[in-house]
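Good morning, and thank you for coming. I shall take you through one structure, moving from the surface to the contact between chains and then to some local details.

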Amino acid sequence: MTYQPIIGLEVHVELSTESGMFCGCSGKHFQAKPNTNTCPVCLGLPGALPVPNKKAIEWTILLGLALECEIPGESRFDRKNYIYPDLPKGYQITQLDQPLCGPGKLDIEVSGENKSIRIRRIHLEEDTGKIQHTEIDGERVALVDFNRSGVPLVEIVTEPDFRSVEEVDVFVKKLQQIVRYLGISGADMEKGSMRIEPSISILPISNTTNTTNIKYPNYRVEIKNINSFKFVRNAIAYEIERQREMIERGETPTQQTRGFMESKGVTVAQREKEEAHDYRYFPEPDIPPMRFAQAQIAKLKTQIGELPDEKKARFMKEYGLSAYDAGLLVETKQRAEYFEKVLSRQSSVVSPKAIANWIINKKVDIASTPPEQLLDQIVQSTTTTPVSGDELENIIKQVLSENSKAVEDYKSGKEQALMFIIGTVIKRIGVGSGDKNTLIAIVKKHIQ
Amino acid sequence: MELNTLTLTQAIEGLKTRTFSHAELIAACTDRIKSVEPNIKAFITVNQKVTNGIPIAVKDNFNTNDIETTAASDILRGYVPPYDATVVRKLKEHGMMILGKTNMDAFAHGSSTEASDFGATSNPWDLERLPGGSSGGSAAAVIADECIAAIGSETAGSIRQPASWCGVVGLKPTYGRVSRYGLIAMASSTDSPGPITKTVADARILYEMLAGFDPYDATTGHQPVTSEIINIKHLTIGVPKQYFRSEAQNGVNQRVLDAAKVLEKLGARLVDLSLLDPEYAVSVYTILQRAEVSSNLARFDGIRFGHRRDQFNEENKRRIMLGNYTLSAGYYDAYYAKAQKVRTLFINDFHKAFDAVDLIIGPTSPSTALKKGASKDHVMFGELQDILVEPSTIAGLPGINLPCGFIERLPVGMQLIGPQWSEDKILSVAQMYEEQTLWHTQRPKL
């Protein structure tokens, strides 16, 4: 008997808007002094009212468009009622049945195979405060920091389309990449601005099971708030194994919420199905329903820009890069843009492939290296493995005879013609094979 | 003339002409408070730091920076907010000052001001009777001349009904006309702050001061606040038979019909009207309001504000429990969702009515002020007292209470209801009625 893991994800991403989801407080809470960034609204003081952040709504729709989601013309906020010390109002403002974004998809590539992961919905809500368990004067206390309370939080819910740990891994990394490309969040797992909750069940498979149209198991185990890609992999792997052992012992796993204990690498039960909250959702009366005109959506569409997949394809086509190199270059938007900046600063002396190699292999610090400087470095460094004298002389002679027009032009005073000749020589011998200044001297000598 | 008996209009004029000073005006009110408060108990807190401005009494569910704000609940006893409600901020910006915070049913749960954790307020017309509620403290303070004017809030009747029982003017603006920011929420989808005053002119001054879009309240409207005077001669006023109920106290319906005749004499055309029975509005309002209450009061979780949840009073607890029940899985569709549908029927019913008439007239309350203790052990006391104002409340419409007579030395109130954003029309007609009558000049002997 083999087992087919069935996995779905809920991913939370904090938006990096200037202000909070429903108030004017700054959303920057990472390592800030506790409770220094609060107001009556995000503290849930009596009488305070939420006013939705337009930018956060637009960014959520932008993400939805990037994930090919349907954008309904109408959306609204709801109250999710539950009492917890980090939730100052006693309810969270979120979205129940009219989310900002409906069904969409994200294509991933795993072990050379393409697969589409369906997105069920994307909605917008407010983050909660943070509870810190600590000791003051020998007494164990729980402290609440409301700096994070009211930070805009996007929740992306997928269909249970994942069949392996690897698929999840590729998906969450790609999602993070897209979020960063859109510039709507740092999506830093370690800062808690991206958090992942996988739901896992496993299905015993025999030879006769139709794996294209499977019937999902009648339970699922949700693992709460995991904050590193590695832990996501470990938690899912552990859970698959735990459930397999249960089934093989003749037990049936139950619907559960579990937590991942990072130190031990195990998941532990937190809540059974019977203990599930009744959140008593109802439409948020403090915020009128939202309506979107097609023109608004169309305008947002123009703001998506080139996403990693498109950029990669263009780099391969336009610059003749390999899929591998192009993939590495587009890993971050900054790196991809840097690559094109370097390219734009030079006149065909150094090949795109060479620039790509340099950026990838030398791990260039793109923040502190101006494109011109990188170009110089590439050209300078080519002194390291010169082509042997005879070979070089032959190539130069050949290039000069093939480009007699350019030679004449240079002789009649056109400096640019020399650069063309040099470029052609470099292309012929390959980058990394000569110092540019030395080369210029040799070529000049040959022309005279 | 004692300065505390002045209307807001007179106070503004007197200060402008330097007939008296702010200090004298304030002293007159604080002296009056000293002499009558032991009997009336309209205030929870009297502001000791007042120096400048026209003294306005504000219901204790509006946040006032640096002044204790309790919503008349033990849960918030001692709570001093760090910010002003938009209403309070605007009052201050217009030269008003917060004279004190008035009594109310705790968290505005009630129509008697008996359900206050700070003790009941007495009706100045008869100290054995209730002032109505939940803005009972504000209405009592106005008719007792303890202040120049007052601010109340209405979720369903809480301005108009105490104004009716105390014999003062009470305007409930269109939902979304006056910002709720800083008003401790009762039912968010109907809460409407408004003025309680000695005259219609005063109500208009405060209304224009407070109305308008507020960036801190997403439910406020952008409609411009105008101060148009509309001629009654071209108006049609509907008299809905469902509002003149047979179970009303003897004499109430007649006083209101007499008032309608006054409007007719002024040139208005009266027409009979049939509206949805207000009884159904009671059911709709009860469901929606309890649901919103259960959520709005969840923040008083015992962790902050210094008091445990068992300090909610009986009425608060009943509403929280009923609200939680109607929102529970499996009951939501039967109660909350259905109530919203019926609410839409009421909205449509009024739309249809206002195609035919400009304003609607009816009694505000089926009775004059009831004896103290009347609300005790009557779980639905408030809703039945407010039956005639609940339909317009759930439809978000503006309405005003005007004194229109007395029965055994107790005031009777009539209401004028208009379509959304029709405050100008309501205030214009109310003004013309008031000019023809002397009911608003009557004062209890204290």
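This is a predicted model: local features need pLDDT of at least 70, side-chain atom pairs count only at pLDDT 80 or more; totals for chains, interfaces and linings use all residues.

**A patch, an interface and some local details**

I begin on the surface of chain B, where B:Leu322, B:Tyr325, B:Tyr331 and B:Tyr335 form a nonpolar patch with about 340 Å² of accessible area together. Accessible areas come from the Shrake-Rupley method with a 1.4 Å probe, and for residues only the protein chains shown count as cover. Patches are made of residues with over 30% relative accessible area and no salt bridge; like charges are joined within 9 Å, and nonpolar side chains (Val, Leu, Ile, Met, Phe, Trp, Tyr) within 5 Å. A salt bridge here is a side-chain nitrogen of Lys or Arg within 4 Å of a carboxyl oxygen of Asp or Glu.

Residues are numbered from 1 along each chain as its sequence is written, chains are lettered from A and ligands numbered from 1 in the order in which they are written, and side-chain values use heavy atoms, with hydrogens and water left out.

Helices (H or I, at least four residues) and strands (E, at least two) are DSSP runs, numbered from the N terminus. B:Tyr335 is partly exposed, at a relative accessible area of 31%. For that scale, buried means under 20% relative accessible area, exposed over 50%, and partly exposed in between (1.4 Å probe, protein chains only).

Let me turn to the interface. How many residues does the contact take from chain B and from chain A? Chain B gives 36 residues and chain A gives 29 residues, contact meaning heavy atoms within 4.5 Å. About 2,500 Å² is buried between the two chains, with carbon and sulfur atoms giving 58% of that area. Buried area is the accessible area (1.4 Å probe) that two parts lose on being put together, summed over both.

Across this interface the rule finds one salt bridge. The side chains of B:Arg180 and A:Asp286 meet in a salt bridge, at 2.9 Å from N to O. A network of salt bridges links A:Arg79, A:Glu284, A:Asp286, B:Arg180 and B:Asp217. In general, side chains of opposite charge can pair when their charged atoms come close.

On the side of chain B that touches chain A, helix 8 (278-296) and helix 9 (314-327) are the elements that give two or more residues. Helix 8 gives the most, with four residues.

In helix 8 of chain B we find B:Ser295, which is buried at 0% relative accessibility. Its side chain makes a polar contact with the side chain of A:Asn81 (2.8 Å). Among the residues that B:Ser295 touches are also A:Lys89, A:Tyr91 and A:Phe282.

Another serine, B:Ser188, sits in the loop between strand 5 (169-172) and strand 6 (192-197) of chain B. Is B:Ser188 buried or exposed? At 0% relative accessibility, B:Ser188 counts as buried. Its contacts include A:Arg79, A:Asp286 and B:Arg180. B:Ser188 and B:Asn296 are 108 residues apart in sequence, with their C-alpha atoms 8.1 Å apart in space.

I close with the backbone. Most residues other than glycine have a negative phi, and most peptide bonds are trans. The peptide bond from B:Gly133 to B:Ser134 is cis, with omega near 10 degrees. B:Ser134 lies in the loop between strand 3 (96-102) and helix 4 (136-143) of chain B. B:Ala108 is found in the loop between strand 3 and helix 4, and has a positive phi of about 70 degrees although it is not a glycine. B:Ala108 is buried, at 2% relative accessibility. B:Arg18 has a positive phi too, near 55 degrees, but B:Arg18 is exposed, with a relative accessible area of 74%.

Technical notes:
A polar contact is a pair of N or O atoms within 3.5 Å; within protein, one must be able to donate a hydrogen and the other to accept it, and residues adjacent in sequence count only if both atoms are side-chain atoms. Lists of a residue's contacts leave out its neighbours within four places in sequence.
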